[in-house]
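I'm opening the notebook on this one and jotting down what I look up as I go. Sequence and model first, then my entries.

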Amino acid sequence: MSVTLAGMTMKNPVVVASGTFGFGREYGQFYDLSELGGICAKGLTLHRREGNPGPRIAETPMGILNSVGLQNPGVDAFIETELPFLRQYDVKVIANISGNSPEEYGIMCEKLSEAGVDMIEVNISCPNVKAGGLAYGTRPELAAEVTEVAKAHAGKVPVMVKLSPNVTDITEIAKAVEGAGADAVSLINTLRGMRIDINTRRPILKMNTGGLSGPAVLPVAVRMVWEVSNAVKIPVLGMGGISKGEDAAQMMLAGATAVAVGTALFADPYAPLTVRDGLEKIAARQGLSAVSQLTGGVKPW
(Lines give C-alpha, C1' and ligand atoms only; values in the text may rest on other atoms or scores of the structure.)
Protein backbone atom coordinates (compact mmCIF):
# COMPACT_ATOMS: atom_id res chain seq x y z
CA MET A 1 0.00 0.00 0.00
CA SER A 2 2.99 2.32 0.29
CA VAL A 3 3.60 5.08 -2.28
CA THR A 4 6.35 7.66 -2.75
CA LEU A 5 5.30 11.24 -3.49
CA ALA A 6 8.21 13.52 -4.49
CA GLY A 7 10.66 11.50 -2.40
CA MET A 8 8.30 11.25 0.60
CA THR A 9 7.31 7.63 1.26
CA MET A 10 3.92 7.09 2.89
CA LYS A 11 2.56 3.82 4.26
CA ASN A 12 -0.59 4.27 2.13
CA PRO A 13 -1.68 6.80 -0.51
CA VAL A 14 -4.38 8.51 1.56
CA VAL A 15 -3.75 12.03 2.88
CA VAL A 16 -6.26 14.24 4.68
CA ALA A 17 -6.71 17.53 2.86
CA SER A 18 -5.76 20.91 4.26
CA GLY A 19 -8.53 22.85 5.96
CA THR A 20 -10.71 19.83 6.72
CA PHE A 21 -8.70 18.13 9.45
CA GLY A 22 -7.57 21.09 11.54
CA PHE A 23 -4.34 19.97 13.18
CA GLY A 24 -5.64 16.47 13.86
CA ARG A 25 -6.51 16.81 17.55
CA GLU A 26 -10.26 16.24 17.16
CA TYR A 27 -9.91 13.34 14.72
CA GLY A 28 -7.24 11.78 16.93
CA GLN A 29 -10.06 11.01 19.38
CA PHE A 30 -11.62 8.67 16.80
CA TYR A 31 -8.59 6.65 15.69
CA ASP A 32 -4.81 6.49 15.73
CA LEU A 33 -3.58 9.13 13.27
CA SER A 34 -0.74 6.77 12.35
CA GLU A 35 -3.32 4.90 10.26
CA LEU A 36 -3.14 7.70 7.68
CA GLY A 37 -0.60 8.11 4.92
CA GLY A 38 -0.23 11.82 5.53
CA ILE A 39 -1.81 14.79 7.27
CA CYS A 40 -2.00 18.08 5.44
CA ALA A 41 -2.48 20.58 8.26
CA LYS A 42 -4.85 23.53 8.18
CA GLY A 43 -3.61 26.38 5.97
CA LEU A 44 -1.06 28.64 7.68
CA THR A 45 -0.28 32.31 7.19
CA LEU A 46 2.72 34.25 8.48
CA HIS A 47 0.62 35.86 11.22
CA ARG A 48 -2.52 34.74 13.08
CA ARG A 49 -5.79 35.24 11.19
CA GLU A 50 -9.33 35.28 12.53
CA GLY A 51 -10.88 34.45 9.17
CA ASN A 52 -14.08 35.76 7.59
CA PRO A 53 -17.30 36.68 9.43
CA GLY A 54 -20.10 34.07 9.48
CA PRO A 55 -22.05 32.51 7.97
CA ARG A 56 -19.06 30.99 6.22
CA ILE A 57 -20.19 27.42 5.53
CA ALA A 58 -23.25 26.50 3.46
CA GLU A 59 -24.41 23.05 2.42
CA THR A 60 -25.14 22.31 -1.22
CA PRO A 61 -26.92 19.27 -2.72
CA MET A 62 -23.59 17.48 -3.35
CA GLY A 63 -21.09 19.16 -1.04
CA ILE A 64 -20.41 22.42 0.76
CA LEU A 65 -19.47 26.02 0.07
CA ASN A 66 -16.93 27.60 2.39
CA SER A 67 -15.46 31.04 2.86
CA VAL A 68 -13.64 30.42 6.14
CA GLY A 69 -10.92 32.88 5.18
CA LEU A 70 -7.84 30.96 6.32
CA GLN A 71 -8.50 31.26 10.06
CA ASN A 72 -5.33 29.94 11.73
CA PRO A 73 -2.96 30.62 14.65
CA GLY A 74 -0.01 31.57 12.44
CA VAL A 75 3.06 29.60 11.40
CA ASP A 76 5.02 30.18 14.65
CA ALA A 77 2.16 28.89 16.83
CA PHE A 78 1.86 25.82 14.58
CA ILE A 79 5.55 25.03 14.97
CA GLU A 80 5.43 25.58 18.73
CA THR A 81 2.23 23.73 19.68
CA GLU A 82 0.73 21.73 16.80
CA LEU A 83 3.76 20.17 15.12
CA PRO A 84 4.98 18.47 18.33
CA PHE A 85 1.50 16.96 18.74
CA LEU A 86 1.51 15.61 15.16
CA ARG A 87 5.04 14.26 15.60
CA GLN A 88 3.72 11.79 18.21
CA TYR A 89 2.31 9.80 15.30
CA ASP A 90 3.94 7.74 12.58
CA VAL A 91 2.50 9.83 9.77
CA LYS A 92 3.90 12.27 7.22
CA VAL A 93 3.18 15.92 8.06
CA ILE A 94 2.49 18.34 5.21
CA ALA A 95 2.29 22.04 6.04
CA ASN A 96 0.00 24.17 3.83
CA ILE A 97 0.92 27.85 3.48
CA SER A 98 -0.75 30.97 2.08
CA GLY A 99 0.81 34.38 1.58
CA ASN A 100 0.11 37.85 0.23
CA SER A 101 3.60 38.28 -1.22
CA PRO A 102 6.44 36.02 -2.39
CA GLU A 103 8.45 37.24 0.61
CA GLU A 104 5.84 35.86 3.03
CA TYR A 105 5.96 32.45 1.34
CA GLY A 106 9.76 32.49 1.61
CA ILE A 107 9.77 33.28 5.32
CA MET A 108 7.25 30.53 6.08
CA CYS A 109 9.14 27.95 4.00
CA GLU A 110 12.32 28.73 5.90
CA LYS A 111 10.63 28.40 9.30
CA LEU A 112 8.85 25.14 8.38
CA SER A 113 11.95 23.64 6.79
CA GLU A 114 13.94 24.29 9.96
CA ALA A 115 11.08 22.85 12.05
CA GLY A 116 11.29 19.62 10.07
CA VAL A 117 7.96 19.12 8.29
CA ASP A 118 7.94 16.37 5.64
CA MET A 119 6.57 18.51 2.82
CA ILE A 120 5.27 22.04 2.19
CA GLU A 121 2.09 22.55 0.16
CA VAL A 122 2.02 26.04 -1.35
CA ASN A 123 -1.50 27.42 -1.81
CA ILE A 124 -1.43 29.75 -4.84
CA SER A 125 -5.15 30.57 -4.71
CA CYS A 126 -4.22 33.58 -2.55
CA PRO A 127 -4.50 37.17 -3.76
CA ASN A 128 -1.28 38.93 -4.72
CA VAL A 129 -1.56 42.30 -3.01
CA LYS A 130 1.02 43.89 -5.33
CA ALA A 131 -0.79 42.63 -8.45
CA GLY A 132 -4.08 44.22 -7.45
CA GLY A 133 -5.50 41.20 -5.66
CA LEU A 134 -5.11 38.80 -8.59
CA ALA A 135 -4.66 35.22 -7.37
CA TYR A 136 -1.17 33.79 -7.90
CA GLY A 137 -2.70 30.62 -9.31
CA THR A 138 -4.46 32.35 -12.20
CA ARG A 139 -1.35 33.51 -14.07
CA PRO A 140 1.59 31.23 -14.98
CA GLU A 141 4.25 33.88 -14.32
CA LEU A 142 2.85 34.68 -10.84
CA ALA A 143 2.60 30.98 -9.96
CA ALA A 144 6.18 30.44 -11.11
CA GLU A 145 7.44 33.38 -9.06
CA VAL A 146 5.97 32.03 -5.83
CA THR A 147 7.26 28.53 -6.58
CA GLU A 148 10.81 29.78 -7.15
CA VAL A 149 10.80 31.68 -3.85
CA ALA A 150 9.36 28.70 -1.96
CA LYS A 151 11.97 26.33 -3.40
CA ALA A 152 14.80 28.76 -2.59
CA HIS A 153 13.78 28.84 1.08
CA ALA A 154 12.52 25.28 1.69
CA GLY A 155 15.94 23.63 1.91
CA LYS A 156 15.66 19.87 1.42
CA VAL A 157 11.91 19.80 2.13
CA PRO A 158 9.89 18.99 -1.01
CA VAL A 159 7.58 21.73 -2.27
CA MET A 160 4.15 20.81 -3.64
CA VAL A 161 2.06 23.52 -5.31
CA LYS A 162 -1.74 23.41 -4.93
CA LEU A 163 -3.46 24.38 -8.15
CA SER A 164 -6.69 26.34 -8.54
CA PRO A 165 -9.34 24.96 -10.94
CA ASN A 166 -10.66 28.49 -11.52
CA VAL A 167 -8.56 29.01 -14.64
CA THR A 168 -8.97 28.57 -18.40
CA ASP A 169 -6.22 25.94 -18.72
CA ILE A 170 -4.86 24.32 -15.56
CA THR A 171 -2.04 22.62 -17.47
CA GLU A 172 -0.44 26.00 -18.21
CA ILE A 173 -0.15 26.71 -14.48
CA ALA A 174 1.10 23.16 -13.80
CA LYS A 175 3.84 23.50 -16.44
CA ALA A 176 4.83 26.91 -15.06
CA VAL A 177 5.33 25.64 -11.50
CA GLU A 178 7.14 22.53 -12.75
CA GLY A 179 9.49 24.77 -14.70
CA ALA A 180 10.05 26.85 -11.55
CA GLY A 181 11.18 23.79 -9.61
CA ALA A 182 8.05 22.39 -7.90
CA ASP A 183 8.54 18.80 -6.69
CA ALA A 184 4.84 17.93 -6.99
CA VAL A 185 1.43 19.48 -7.60
CA SER A 186 -1.85 18.95 -5.76
CA LEU A 187 -5.25 19.50 -7.33
CA ILE A 188 -7.93 20.57 -7.31
CA ASN A 189 -8.59 23.39 -4.90
CA THR A 190 -12.24 24.47 -4.57
CA LEU A 191 -14.40 25.77 -7.42
CA ARG A 192 -16.02 29.16 -6.85
CA GLY A 193 -19.74 28.94 -6.13
CA MET A 194 -22.68 30.79 -4.62
CA ARG A 195 -26.03 30.14 -2.91
CA ILE A 196 -28.82 32.68 -2.40
CA ASP A 197 -31.65 32.70 0.16
CA ILE A 198 -34.68 33.38 -2.03
CA ASN A 199 -36.68 34.89 0.86
CA THR A 200 -34.12 37.42 2.10
CA ARG A 201 -32.57 37.69 -1.39
CA ARG A 202 -29.17 37.68 0.24
CA PRO A 203 -26.30 35.25 -0.42
CA ILE A 204 -26.15 32.58 2.29
CA LEU A 205 -22.43 33.21 2.81
CA LYS A 206 -21.47 36.56 4.35
CA MET A 207 -18.68 36.92 1.75
CA ASN A 208 -21.27 36.28 -1.02
CA THR A 209 -19.28 33.52 -2.76
CA GLY A 210 -17.24 30.60 -1.53
CA GLY A 211 -15.32 27.50 -2.54
CA LEU A 212 -17.34 24.46 -3.62
CA SER A 213 -16.06 21.05 -2.54
CA GLY A 214 -17.52 17.58 -2.09
CA PRO A 215 -18.88 14.85 -4.41
CA ALA A 216 -20.10 17.39 -7.00
CA VAL A 217 -16.54 18.31 -7.99
CA LEU A 218 -15.17 14.75 -8.40
CA PRO A 219 -15.63 14.50 -12.21
CA VAL A 220 -14.02 17.93 -12.68
CA ALA A 221 -11.11 16.93 -10.42
CA VAL A 222 -10.55 13.60 -12.21
CA ARG A 223 -10.49 15.38 -15.58
CA MET A 224 -8.01 18.01 -14.37
CA VAL A 225 -5.74 15.42 -12.72
CA TRP A 226 -5.72 13.49 -16.00
CA GLU A 227 -4.86 16.61 -18.01
CA VAL A 228 -2.13 17.74 -15.61
CA SER A 229 -0.53 14.29 -15.23
CA ASN A 230 -0.24 14.14 -19.03
CA ALA A 231 1.29 17.64 -19.17
CA VAL A 232 3.98 17.39 -16.46
CA LYS A 233 6.51 14.84 -15.22
CA ILE A 234 6.28 15.69 -11.51
CA PRO A 235 3.87 13.63 -9.34
CA VAL A 236 0.28 14.62 -8.61
CA LEU A 237 -1.68 14.51 -5.35
CA GLY A 238 -5.31 14.22 -6.49
CA MET A 239 -8.23 15.60 -4.51
CA GLY A 240 -11.79 16.79 -4.95
CA GLY A 241 -14.88 14.83 -3.93
CA ILE A 242 -13.20 11.61 -2.81
CA SER A 243 -15.25 9.66 -0.26
CA LYS A 244 -14.72 5.98 -1.11
CA GLY A 245 -12.17 3.63 -2.60
CA GLU A 246 -13.66 3.77 -6.10
CA ASP A 247 -13.26 7.57 -6.16
CA ALA A 248 -9.60 7.29 -5.15
CA ALA A 249 -8.99 4.54 -7.73
CA GLN A 250 -10.42 6.79 -10.46
CA MET A 251 -8.11 9.59 -9.37
CA MET A 252 -5.07 7.32 -9.39
CA LEU A 253 -5.95 5.80 -12.77
CA ALA A 254 -6.16 9.38 -14.07
CA GLY A 255 -2.53 9.85 -12.98
CA ALA A 256 -2.44 10.69 -9.26
CA THR A 257 0.34 9.13 -7.17
CA ALA A 258 -1.66 9.68 -3.97
CA VAL A 259 -5.05 11.13 -3.01
CA ALA A 260 -6.45 13.50 -0.40
CA VAL A 261 -9.79 13.21 1.38
CA GLY A 262 -11.38 16.46 2.55
CA THR A 263 -15.07 17.34 2.68
CA ALA A 264 -16.09 13.70 3.28
CA LEU A 265 -14.56 14.06 6.78
CA PHE A 266 -17.36 16.41 7.84
CA ALA A 267 -19.94 13.68 7.28
CA ASP A 268 -17.76 10.76 8.39
CA PRO A 269 -14.56 11.11 10.43
CA TYR A 270 -13.54 7.62 9.31
CA ALA A 271 -13.75 8.46 5.58
CA PRO A 272 -9.96 8.35 4.97
CA LEU A 273 -9.76 4.85 6.44
CA THR A 274 -12.76 3.77 4.35
CA VAL A 275 -11.02 5.11 1.25
CA ARG A 276 -7.76 3.35 2.18
CA ASP A 277 -9.45 -0.01 2.79
CA GLY A 278 -11.53 0.32 -0.37
CA LEU A 279 -8.42 1.04 -2.44
CA GLU A 280 -6.68 -2.00 -0.99
CA LYS A 281 -9.61 -4.25 -1.94
CA ILE A 282 -9.75 -2.85 -5.49
CA ALA A 283 -6.00 -3.39 -6.00
CA ALA A 284 -6.27 -6.95 -4.64
CA ARG A 285 -9.34 -7.71 -6.77
CA GLN A 286 -7.49 -6.54 -9.87
CA GLY A 287 -4.48 -8.74 -9.02
CA LEU A 288 -2.06 -5.87 -8.42
CA SER A 289 1.00 -6.42 -6.24
CA ALA A 290 1.11 -2.71 -5.29
CA VAL A 291 -1.56 -0.02 -5.18
CA SER A 292 0.87 2.29 -7.01
CA GLN A 293 0.24 0.19 -10.13
CA LEU A 294 -3.10 1.97 -10.48
CA THR A 295 -1.37 5.31 -11.16
CA GLY A 296 -1.79 6.42 -14.77
CA GLY A 297 -3.54 3.19 -15.75
CA VAL A 298 -6.47 4.81 -17.56
CA LYS A 299 -6.96 3.68 -21.18
CA PRO A 300 -8.54 6.63 -23.03
CA TRP A 301 -10.69 5.80 -26.05
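How many aromatic pairs does the structure hold? I'm working from a predicted model, and I count seven aromatic pairs in it.

**Aromatic pairs**

I started with Phe23 and Phe78. Their rings are tilted, at 5.6 Å centre to centre and with 40° between the planes. The pair links distant parts of the chain, with Phe23 in the loop between E3 and strand E4 (38-40) and Phe78 in helix H1, 55 residues apart. Phe23 comes out at 10% relative accessibility, so I have it down as buried. Phe78 is buried too, with a relative accessible area of 0%.

Phe30 is partly exposed at 43% relative accessibility, and Tyr270 is partly exposed at 36%. Both belong to one aromatic cluster, made up of Phe21, Tyr27, Phe30, Tyr31 and Tyr270.

**Core**

Which residues have the most contacts inside the largest nonpolar core? I get Phe78, Leu163 and Leu187, in a core of 93 residues. I listed the contacts of Leu163, skipping residues up to four places away in sequence: among them are Ile124, Ile170, Ile173, Val177, Leu187, Ile188 and Val228. Ser186 and Asn189 are also on that list.

**Salt bridges**

I find 12 salt bridges in the structure. Opposite charges on side chains can pair when the charged atoms come close.

Asp90 with Lys11 was my first stop, with the closest N and O atoms 3.1 Å apart. Asp90 lies in the loop between helix H1 (75-86) and strand E7 (92-97), and Lys11 in the loop between strand E2 (8-10) and strand E3 (14-16), so the bridge ties together parts 79 residues apart in sequence. Asp90 is exposed, at 53% relative accessible area. Lys11 is partly exposed at 36%.

Glu50 and Arg48 meet in another salt bridge, 2.8 Å from N to O. I have both of these residues as exposed.

Where do Glu172 and Lys175 lie? Both are in helix H4 (residues 170-179), three residues apart, which is about one turn of the helix. An α-helix has 3.6 residues a turn, so residues three or four places apart point the same way. The side chains of Glu172 and Lys175 form a salt bridge at 3.6 Å, N to O. Glu172 is partly exposed at 38% relative accessibility, and Lys175 is partly exposed at 40%.

I also noted a network of salt bridges linking Glu35, Arg276 and Asp277.

**Lys111**

I looked up Lys111 in helix H2 (residues 102-115). Lys111 is partly exposed, with a relative accessible area of 27%. Leaving out residues up to four places away in sequence, Lys111 touches Leu46, Val75, Asp76 and Ile79. With Asp76 there is a polar contact, side chain to side chain, at 3.0 Å. I also took one distance across the model: the C-alpha atoms of Lys111 and Ile282 are separated by 40 Å, with the two 171 residues apart along the chain.

**Helix H3**

The buried residues of H3 are Leu142, Ala143, Ala144, Val146, Thr147, Val149 and Ala150. After H3 comes Gly155, with a positive phi near 60°.

**Ser67**

Is Ser67 buried or exposed? At 7% relative accessibility I have to call Ser67 buried. Ser67 is in the loop between strand E6 (63-66) and H1. Beyond its neighbours within four places in sequence, Ser67 contacts Asn52, Pro55, Arg56, Leu205, Met207, Thr209 and Gly210.

Key:
Residues numbered from 1 in each chain as written. Predicted model: local features only at pLDDT ≥ 70, side-chain atom pairs only at ≥ 80, totals over all residues. Heavy atoms only, no water. Helix = DSSP H or I, 4+ residues; strand = E, 2+ residues; numbered from the N terminus. Buried < 20%, exposed > 50% of the residue type's maximum accessible area, 1.4 Å probe, protein only. Contact = heavy atoms within 4.5 Å. Polar contact = N/O pair within 3.5 Å; in protein donor to acceptor, adjacent residues only side chain to side chain. Salt bridge = Lys/Arg side-chain N within 4 Å of Asp/Glu carboxyl O. Core = buried A, V, L, I, M, F, W, Y, C linked by side-chain atoms within 4.5 Å. Phe/Tyr/Trp six-rings, centres within 6.5 Å; stacked < 30°, edge-to-face > 60°.
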